[in-house]
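Me: I'd like to go through this model with you and ask what stands behind each label. Could you set the values against the cut-offs as we go?

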Amino acid sequence: MSSPPLVLLKLGGSLITEKDSRRVVRRELLRALAREIGKAVRDGHRLIVGHGSGSFGHPEAAAAGLDEGIDDRNQLPGVVQTQEAARELHREVLGALSDAGAPPFSLLPGSLLVTESGVPANLFPEPVLLALSIKLLPVLCGDVVLDRDRGVSICSTESVLLALANRLVMDREPIARAVWLGTTDGVYDADGRTVPELDRSRWEAMEASRSTEGIDVTGGIVLRVETALLLADLGIPSVICDGREPEHLLPALAGEPVGGTLVPETTS
C-alpha cells in the first residue's frame, strides 16, 4: 500500500510570535495549532512542518550584519546568538507539538543544506524521508547556514521548503500541496479584499501597482507568494490562509476550501 502524498505546512513567524515584542510567543494559538497538527498526524496525514522566526533571531542577525554573510571574525558571536534565538522558538514549537502528540523530529537546516551566495546549493533530504518513514513529524525552521561564498547566510523557511520540494519532486516523491498560515486571510488586493486565486501574471500586475495602489504586502507575504508560485511550477498548489482560525487547518491540509488565496499548480 502506497503512502499518502506529502503536505508542506508553514507556520508564519508573525502568527506564532508577537513580532513587535522581542521573543514573545503566542503560546495559546501555537498550542491550538499544534493540537490540529496532532489530529492530522493521527488521521494519517504525512506532513513536513516549517515555522518562521518572528521576533526570534531577526534582531540578532541584523545586529551582526549577517544578511550578506561574514567578512570579520567579530561577526562570529552574532552567528551563535542568531542560531540560539531561532532555536529558542524552535524548542517552543517542538514542545507544543510534542504535548499534542504529533510527535516532532527537529531537523535544523544548518545540518541539511549549504547555500551559495545565499541560494540553497546542496541539500541532503534523507533524514526528512527517514523521519517520515517511522511516523515522526519533521519540523524545520529558518536558520543560519554555511555558505560557500559568504561564509554563512540566512536561509528562510520558504527557501528551505522550496529546496526540499525541488529535491523530492526530482526523486519522484509526490507532494499534494503546501499550506501557508499567516495573520491575513490570504493575499489582499488594493482595496483590502482577499484575492481568491493568484497566478504569476496576476501577481506581477499587483507587484507593478504596489506603489500606487497600496497593496498590503506585510507579514512576509511577498516571499510567501513568490515561493508558492515556484512550487506551482513544480506542480504543487498552495493555499495562503488565516492561521488565527486553527479549525481551518485540517480542511486546508485535505485540500478543502477554507478561504484565503489559492495558488494553483501551473498548467503547461
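Me: What makes α6 roughly parallel to α9?

Reply: In this predicted model, the axes of α6 and α9 come within 10 Å and cross at roughly 5°. Angles under 35 degrees count as roughly parallel, so α6 is roughly parallel to α9. Axes here are lines fitted to C-alpha atoms over the stretch in contact, with angles from 0 to 180 degrees between N-to-C directions. The model is predicted, and local features need pLDDT of at least 70, side-chain atom pairs pLDDT 80 or more, while totals for chains, interfaces and linings use all residues. Residues are numbered from 1 along each chain, and side-chain values use heavy atoms, without hydrogens and water.

Me: Which residues make the contact of α6 with α9?

Reply: E158, L162 and A165 of α6 meet L223, R224, T227, L230 and L231 of α9 (contact means heavy atoms within 4.5 Å). They divide into 5 nonpolar, 1 polar and 2 charged.

Me: Why does S55 count as buried?

Reply: Its relative accessibility is 5%, and buried means under 20% (exposed is over 50%, partly exposed in between, with a 1.4 Å probe and protein chains only); therefore S55 counts as buried. S55 sits in the loop between β2 (46–51) and α3 (58–64).

Me: Which residues is S55 in contact with, leaving aside neighbours within four places in sequence?

Reply: Among them are T17, E18, R22 and V24. A polar atom of the S55 side chain also lies 3.5 Å from the backbone nitrogen of V24.

Notes. Helices (H or I, at least four residues) and strands (E, at least two) are DSSP runs, numbered from the N terminus. Angles under 35 degrees count as roughly parallel, over 145 as roughly antiparallel, 65 to 115 as roughly perpendicular and the rest as oblique. Ala, Val, Leu, Ile, Met, Phe, Trp, Tyr, Cys and Pro count as nonpolar, Asp, Glu, Lys and Arg as charged, and the others, Gly among them, as polar. A polar contact is a pair of N or O atoms within 3.5 Å; within protein, one must be able to donate a hydrogen and the other to accept it, and residues adjacent in sequence count only if both atoms are side-chain atoms.
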